Amino acid sequence: MEKRFIAALLCAVMAIALLTGCKGASEGNTADGSEKKDVKEESFKVGYATKTLSGGYFVKLNEGLEAGCKELGWEFVSMNADRNADTERANLEAMVSQGCDLIFLNCVDPDSAVANVRYCVDNKVPVIAVDGGCADDADLITTVYSDNKQNGRMVGLAYAEYMKDRDIRALMISGSKGDVAGYERRMGLFCGIIEGKSGVSEEDAWKAADVIEQALIDTGKAENEDAKFYILGQGWSGWSEDGGLQAAEDLITANQDITTILGENDDMVIGAGVGVANAKLENVELVAAADGSQKAYDLIKEGKYFATGENSPVLVGELAIDIAKQVLVEGKTKDDFESVTMTSALAVTKGNVDERYDYGF
């Protein structure tokens with residue numbers, strides 16, 4: 001009787017051990033007893049604080065960041081400041097309180113953004129600026145945008161090749177005085193045209209572009225004889241199509257003998273093109289340093305617009321998402337990145353507009 005009891009007890013103990021071992025292998029250990037790794041991908045919550053959603057570029061950038069986050073299985077929250085710095089601050093505070101692990105920021109004002117970024121970083125939330133930069137002392141991972149200067153230069157080089165030894169007699173349609181992006185874009189155009197038409201080095205062409213810029217400031221006109229490049233006037237148009245039309249009309253009245261409209265974005269150049277058509281001027285090329293609107297791309301396809309630089313919200317978004325992944329997944333910090341990270345520069349012309357079309361906005 002006692003032997004049968006002991007035997008039954010041993011069987012029960014062995015059965016329990018066997019069941020426990022199987023459970024351990026399935027939940028916490030492999031069959032050989034080693035620790036089983038959790039293969040579930042970690043998810044993150046990412047915010048986007050944008051200064052505006054007014055305009056195709058800003059809408060497409062927002063959509064691209066959202067799509068990129070969702071593809072990685074991350075939660076995405078977007079808040080629009082509607083160009084109000086106080087609203088931007090409130091949006092950032094809300095994102096921090098909601099537990100965002102990283103924030104993309106397209107700031108309203110570069111200077112006030114410094115304190116806003118500091119608030120996020122002090123609360124252990126890294127910030128990546130997109131499209132528009134913050135002041136130099138902002139504690140950012142990096143700033144991601146297109147290369148304004150080199151985009152302008154690529155377009156200038158392409159236009160110089162097209163014009164060869166012919167004179168360029170241009171009107172310069174600019175956005176707003178003191179705007180850094182506008183300055184960089186037109187300087188790129190000046191550099192590329194001078195470099196391409198006169199054969200000087202890129203370094204010397206940048207120096208010559210400085211001379212052009214200073215002459216425009218001093219006299220409203222400029223020239224580089226070696227490149228046969230003449231700017232007959234500069235108009236300020238507030239970045240809009242209507243502004244471009246008004247600026248062109250004012251300048252065309254005194255300058256009928258032009259070959260070219262140069263501009264700092266597509267809207268202004270398109271508006272200036274209407275002014276050219278209204279004045280019944282012929283054989284005037286439309287050339288934008290940067291933008292990449294599909295409206296301009298359509299005109300390029302039709303041969304009514306020479307070129308624009310590729311300022312793509314799609315590519316800016318993709319690059320920003322890649323950097324965010326390196327920060328959140330790989331643990332990289334701002335020490336691993338340059339202060340500015342730019343997409344590759346490219347002139348979009350009739351020769352490549354079809355392949356670049358979907359990168360526009």
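Contact here means that heavy atoms lie within 4.5 Å. The exercises below concern a predicted model.

**Exercise 1.** Find which residues of α2 meet which residues of α11, and describe how the two helices pack.

Solution. 
- Step 1. Locate the helices: α2 covers residues 56–71 and α11 covers residues 313–328.
- Step 2. Apply the contact cut-off, heavy atoms within 4.5 Å. On the α2 side this gives Tyr-57, Lys-60, Leu-61, Leu-65, Gly-68 and Cys-69. On the α11 side it gives Pro-313, Val-314, Val-316, Gly-317, Ala-320 and Ile-321.
- Step 3. Sort these contact residues by type: 9 are nonpolar, 2 are polar and 1 is charged.
- Step 4. The axes of α2 and α11 are 8 Å apart, and the angle is about 35°. The crossing of this pair is right-handed.

**Exercise 2.** Determine which elements supply the lining of the second largest pocket, and what types of residue it holds.

Solution. 
- Step 1. Take the volume, about 200 Å³ for the second largest pocket.
- Step 2. List the lining: Gly-64, Ala-67, Gly-68, Glu-71, Leu-72, Val-314, Gly-317, Glu-318, Ile-321, Asp-322 and Lys-325.
- Step 3. Sort by type: the lining has 4 nonpolar, 3 polar and 4 charged residues.
- Step 4. Compare with Exercise 1. Gly-68, Val-314, Gly-317 and Ile-321 belong both to the helix contact and to this lining.

**Exercise 3.** Describe the largest pocket: its volume, the residues closest to its centre, and the elements in its lining.

Solution. 
- Step 1. The volume of the largest pocket is about 1400 Å³.
- Step 2. The lining has 43 residues, and the closest to the centre are Lys-51, Asp-131, Gly-132, Gly-133 and Ala-181.
- Step 3. At least two lining residues come from each of α2, β5 (143–146) and α6 (180–198). Helix α6 gives the most, with 4 residues.
- Step 4. By type, the lining of the largest pocket holds 17 nonpolar, 15 polar and 11 charged residues.

**Exercise 4.** Decide which stretch of the chain has pLDDT below 50 and how it should be read.

Solution. 
- Step 1. Find the stretch below 50, which is residues 1–40. Beyond near neighbours in sequence, residues 1–40 have 13 contacts in the model.

Definitions and conventions: Residues numbered from 1 in each chain as written. Predicted model: local features only at pLDDT ≥ 70, side-chain atom pairs only at ≥ 80, totals over all residues. Heavy atoms only, no water. Axes fitted to C-alpha atoms, helices over the stretch in contact; angles between N-to-C directions. Left-handed = near helix turned anticlockwise from the far one by under 90°. Nonpolar A, V, L, I, M, F, W, Y, C, P; charged D, E, K, R; others polar. pLDDT = per-residue confidence, 0-100. 1 Å grid on protein atoms, 1.4 Å probe; cavity = no way out; pocket = protein on both sides within 12 Å on 5 of 7 lines; lining within 4 Å. Points joined across faces, edges and corners; volume = space filled by probe spheres on them.
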